[in-house]
Amino acid sequence: MKSIADLEKIRQSTLSKVNLRRESEGTRIVVGMATCGIAAGARPVMNAFVDEVGKRNLLDVIVAQTGCIGMCRFEPIVEITTPGKEKVTYVNVKPEMVPKIVADHVVNGQPVVEYTIGQAE
Amino acid sequence: MNELSLYILDLVQNSVTAGAKHILISVSSDTDKDTLTVVIEDDGCGMSKELLQKVTSPFTTTRKTRKVGLGIPMIMQLCEMCEGRFSIKSEPGKGTVLTLGFKASHMDMPPMGSLGETMLSLVNGSPEGLEFVLEYRVDENEFRFDTQEVRAMLDGVPLNTPEVLSWIRDYITEGIEETRNQEQ
């Protein structure tokens with residue numbers, strides 16, 4: 001059973017990592033969370049990215065959200081930007097695709113081409 | 001959308017976009033009256049009378065990327081389908097209060113789904129300095145979650161740290177489960 005007191009332990013164990021996270025200019029994973037995105041399943045996708053980033057302890061990765069970018073038929077849409085590299089847009093993303101995207105793209109720098117918008121068109 | 005918690009996530013995004021600093025999400029069930037009431041209250045920029053009058057139209061949006069805004073029309077339709085009521089009050093500079101009423105046992109009523117997942121998404125995706133309160137009530141029993149309380153305990157660790165987000169999801173899910181079980 002979780003309690004508010006657990007937060008003290010979390011604070012102690014994460015404080016050192018927080019400063020590293022603040023200082024790093026790393027990868028941004030942005031999930032479309034407008035009505036169209038949510039209806040298409042963006043919530044479990046975003047939460048799967050949060051879980052995966054936490055599980056792998058990736059300190060230079062931020063999971064963020066945005067509104068509708070105007071391509072509702074491709075939702076859930078996820079854009080990944082890494083400094084010095086081109087933005088990659090993943091479409092029709094499902095939670096089960098997330099571990100592969102994080103492992104191949106975010107960790108190893110190889111975008112998962114078959115999930116990208118270029119393949120969907 | 002197949003869960004009420006997804007509608008809530010979508011509607012609260014409007015409050016976030018409106019620049020709110022405090023957002024209250026209240027979900028209460030009354031077993032005897034067979035009602036479920038959801039209230040979303042924010043202190044965002046509010047809406048002018050003109051915008052408020054047309055906000056329930058699917059062709060009203062403040063966004064530039066497309067010409068439709070389906071969040072409010074969809075929830076209004078759901079309230080009406082479930083023999084409930086929908087009301088929206090707003091004042092520029094003060095904020096907006098959205099009240100959604102449902103007949104809890106109505107056959108068109110979607111399941112609540114995971115409010116823990118919805119709160120995880122909201123807390124993760126929101127700007128620093130935005131506080132959420134979630135109140136979940138079943139008759140006399142209440143569960144309350146307040147990000148200010150969490151923030152005070154964390155003393156500088158941001159709420160969007162993965163370990164904290166995961167705790168938020170589990171804490172809310174368990175708290176809601178316990179509140180439901182107390183009733184049975």
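**Reading the fold, sheet and core**

Along the sequence, chain A runs α-β-α-α-β-β-β-α-α, with helices (H or I, at least four residues) and strands (E, at least two) taken as DSSP runs numbered from the N terminus.

User: What should I know before reading this model?

Analyst: The model is predicted, so local features need pLDDT of at least 70 and side-chain atom pairs count only at pLDDT 80 or more, while totals for chains, interfaces and linings use all residues. Residues are numbered from 1 along each chain as its sequence is written, and chains are lettered from A and ligands numbered from 1 in the order in which they are written.

User: What is the strand order of the open sheet in chain B?

Analyst: Two strands pair if DSSP finds at least two bridges between them. Here, six strands are ordered β3-β4-β2-β1-β5-β6 with mixed pairing. Strands β3 (85-91) and β6 (141-146) of chain B are at the edges with a single partner strand each, so one side of each has no neighbour in the sheet. Within chain B, β5 (residues 131-138) and β6 pair in the antiparallel sense over six bridges, and B:Glu135 is opposite B:Arg144 in β6.

User: Which residues have the most contacts inside the largest nonpolar core?

Analyst: In soluble globular proteins, nonpolar side chains tend to be buried together. A nonpolar core is a set of buried Ala, Val, Leu, Ile, Met, Phe, Trp, Tyr and Cys residues joined through C-beta atoms within 7 Å; buried means 20 or more other C-beta atoms within 10 Å of a residue's own, placed from the backbone. The largest one has 80 residues, and those with the most contacts inside it are A:Val31, A:Val45, A:Phe49, A:Val78, B:Val12, B:Met119 and B:Ile168. Helix α1 (residues 4-17) of chain B gives the most to this core, with eight residues.

Technical notes. Buried ≥ 20, exposed ≤ 12 C-beta atoms within 10 Å, placed from the backbone.
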